[in-house]
Amino acid sequence: MKPVIALRDVGVAYRRQAALQHVSGVFAHASLTAVLGPNGAGKSTFLKAVLGLVPVESGQVEIHVARKLIAYLPQQAEIDRSFPISVLDCVCLGFWQRLGSLGGLNSAMREAAQDALRAVGLQGFEQRPLGSLSAGQLQRVLFARILVQDADVILLDEPFNAVDARTTEDLLALIHGWHAQQRTVVAVLHDHEQVRRHFPQTVLLARQLVAWGETAEVLAAANLQRARQMPDASNASEGGRWPELAA
């Protein structure tokens with residue numbers, strides 16, 4: 001399979017502290033990959049380095065698709081829910097890269113946005129303010145925005161954080177639909193069993209690359225133990241430990 005994104009010995013630092021070191025690997029076209037690691041392992045930094053949202057201190061990120069064909073879902077904590085915008089207008093922001101700053105929405109685009117809301121189970125929510133939504137409803141809106149982007153590559157940062165089981169199930173179905181459409185999907189996750197069931201490929205990080213490949217091989221006990229024991233993996237600035245490794 002041809003590579004869509006390749007990382008060559010990538011390193012990222014914040015305030016002279018290493019956030020990622022020596023990360024190399026390839027996302028193939030139409031692959032479905034989870035990114036796992038302890039708190040503070042650099043998972044979100046990994047996605048932002050791919051997107052160019054943080055500077056790469058060493059190495060190189062190679063992107064083999066047009067930037068406008070990459071969709072990104074940030075963590076909910078990064079979304080300003082106080083901004084006065086309706087659900088429908090938020091979904092329509094997915095057209096922005098296609099339209100540019102001076103472009104205008106047409107009726108077909110608004111209909112497509114309404115179709116996307118129906119696809120995520122939010123028909124009738126079009127005029128609700130974004131700030132009135134629950135965490136699960138907001139995540140459905142953000143997935144609807146990705147639907148209208150029609151991207152070839154989709155990067156998701158903790159897409160199931162703080163959402164209920166039903167919403168998680170529905171969003172996983174969308175992810176599998178994207179994969180079936182030959183899109184490349186990468187998601188930062190925490191639940192090992194969820195990854196084993198739904199994601200064929202996994203990247204395991206602990207400030208450094210522990211393993212990258214088939215999920216069953218990457219999540220072998222020896223690799224998980226290495227991730228927990230790597231320097232700064234369990235005592236990084238985000239705090240906490242990796243509960244899945246406690247047993």
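## Contacts and burial

In the protein chain, 68% of the contacts (heavy atoms within 4.5 Å) between residues at least 6 apart in sequence join residues at least 24 apart. This is a predicted model, in which local features need pLDDT of at least 70 and side-chain atom pairs count only at pLDDT 80 or more, while totals for chains, interfaces and linings use all residues. Residues are numbered from 1 along each chain as its sequence is written, and side-chain values use heavy atoms, with hydrogens and water left out.

Of the 247 residues in the protein chain, 50% are buried, meaning under 20% relative accessible area with a 1.4 Å probe, protein chains only.

## Overall fold and dimensions

The protein chain contains nine helices and nine strands, which are DSSP runs (H or I, at least four residues, for helices; E, at least two, for strands) numbered from the N terminus. Its radius of gyration, taken over C-alpha atoms, is 18 Å, close to the 18 Å that the globule rule (2.2 Å times the number of residues to the power 0.38) gives for 247 residues, so the protein chain is as compact as a globular protein of that length. The C-alpha trace spans about 55 × 35 × 35 Å along its principal axes.

## Pairing of strand E1

Strand E1 (residues 3-14) pairs with strand E2 (residues 17-28) in the antiparallel sense over eight bridges, where pairing requires that DSSP finds at least two bridges between the strands. Pro3 has Ala28 in E2 as its bridge partner. E1 and E2 form a hairpin with two residues between them, and Arg15 in the turn has a positive phi of about 50°.

E1 also pairs in the antiparallel sense with strand E4 (residues 58-63), over five bridges, and here Ala6 stands opposite Glu62 in E4.
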